[in-house]
Amino acid sequence: MDKSKRSFRRRLPPIQSGDRIDYRNMSLISRFISEQGKILSRRVNRLTLKQQRLITIAIKRARILSLLPFLNNQTQFERGESIARTRGLRTRTK
């Protein structure tokens, strides 16, 4: 296939020129976090190195200030709590 006939879709940059990268800008920050609460890589985000650094710092600040959870997997917490509860109820008998 010729290069001229190939069609490709040019993606919009994830951060527009008017967007401020800040820990309070939750609508922007939440786009760069996975469902588990992990920070997505620069390759996935399609960000520049400077933008990725600023996003990472903003996410970490938001986590420290409890604006974002460190983990976002509720089922893991529920399973862990139920195991801890059953272990706590067991008593040793001699």
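Colleague: Leaving aside neighbours within four places in sequence, which residues is I33 in contact with?
Modeller: Bear in mind that this is a predicted model. I33 sits in the loop between helix 1 and helix 2. It is buried, at a relative accessible area of 17%. Beyond its neighbours within four places in sequence, I33 is in contact with K38, L40, I59 and L68.

Colleague: How far apart in space are I33 and T56, C-alpha to C-alpha?
Modeller: Along the sequence, I33 and T56 are 23 residues apart. In space, their C-alpha atoms are separated by 9.8 Å.

Colleague: What order do the elements of the chain follow from the N terminus on?
Modeller: The chain has four helices and zero strands. From the N terminus on, the order is α-α-α-α.

Colleague: Where in the chain is confidence highest, and where is it lowest?
Modeller: The chain averages a pLDDT of 81. At least 70 is reached by 70% of the residues. By element, helix 3 has the highest mean, 95. The lowest mean, 54, belongs to helix 4.

Colleague: Which element gives the most residues to the largest nonpolar core?
Modeller: That core has 11 residues, among them I15, I33, L47 and L68. Two elements give two or more residues each: helix 1 (26–29) and helix 3 (49–64). With four residues, the top giver is helix 3.

Colleague: Why might such side chains sit together?
Modeller: The core includes L28, I29, F32 and I55.

Colleague: Which residues does I15 contact, leaving aside neighbours within four places in sequence?
Modeller: I15 is one of the core residues. Leaving aside neighbours within four places in sequence, its contacts are I21, L28, F32, L47, Q51 and I55.

Colleague: What share of the residues of the chain counts as buried?
Modeller: The chain has 94 residues. Buried here means under 20% relative accessible area. The share that counts as buried is 20%.

Colleague: How many salt bridges are there, and which parts does the pair R31 and D19 tie together?
Modeller: The count is two salt bridges. In one, the side chains of R31 and D19 meet at 3.8 Å, N to O. R31 lies in the loop between helix 1 and helix 2 (42–45), and D19 in the segment before helix 1, so the pair ties together parts 12 residues apart in sequence.

Colleague: Are R31 and D19 buried, partly exposed or exposed?
Modeller: R31 has a relative accessible area of 45%. For D19, relative accessibility is 29%.

Colleague: With which residue does D22 form a salt bridge?
Modeller: D22 is buried, at 14% relative accessible area. The closest N and O atoms are 2.9 Å apart, and the partner is R24.

Colleague: What is the phi of R46?
Modeller: R46 lies in the loop between helix 2 and helix 3. R46 is partly exposed, with a relative accessible area of 38%. It is not a glycine, yet its phi is positive, at about 60 degrees.

Colleague: Phi of S66 is near what value?
Modeller: S66 is in the loop between helix 3 and helix 4 (74–89). At 63% relative accessibility, S66 counts as exposed. S66 is a residue other than glycine with a positive phi, near 65 degrees.

Colleague: Which residues does G37 touch, not counting those up to four places away in sequence?
Modeller: G37 lies in the loop between helix 1 and helix 2. It counts as buried, at 6% relative accessibility. The C-alpha atoms of G37 and F70 are 6.4 Å apart, although 33 residues separate them along the chain. Not counting residues up to four places away in sequence, G37 touches R63, F70 and N72.

Colleague: How much accessible area does the nonpolar patch on the surface have together?
Modeller: The patch is formed by I64, L65, L67, F70 and L71. Of these, L65 is found in the loop between helix 3 and helix 4. Together the patch residues have about 530 Å².

Note on methods:
Residues numbered from 1 in each chain as written. Predicted model: local features only at pLDDT ≥ 70, side-chain atom pairs only at ≥ 80, totals over all residues. Heavy atoms only, no water. Core = buried A, V, L, I, M, F, W, Y, C linked by side-chain atoms within 4.5 Å. Buried < 20%, exposed > 50% of the residue type's maximum accessible area, 1.4 Å probe, protein only. Contact = heavy atoms within 4.5 Å. Salt bridge = Lys/Arg side-chain N within 4 Å of Asp/Glu carboxyl O. pLDDT = per-residue confidence, 0-100. Patch = residues over 30% accessible without salt bridge, like charges linked within 9 Å, V, L, I, M, F, W, Y side chains within 5 Å. Areas by Shrake-Rupley, 256 points an atom, 1.4 Å probe, with all protein chains shown as cover.
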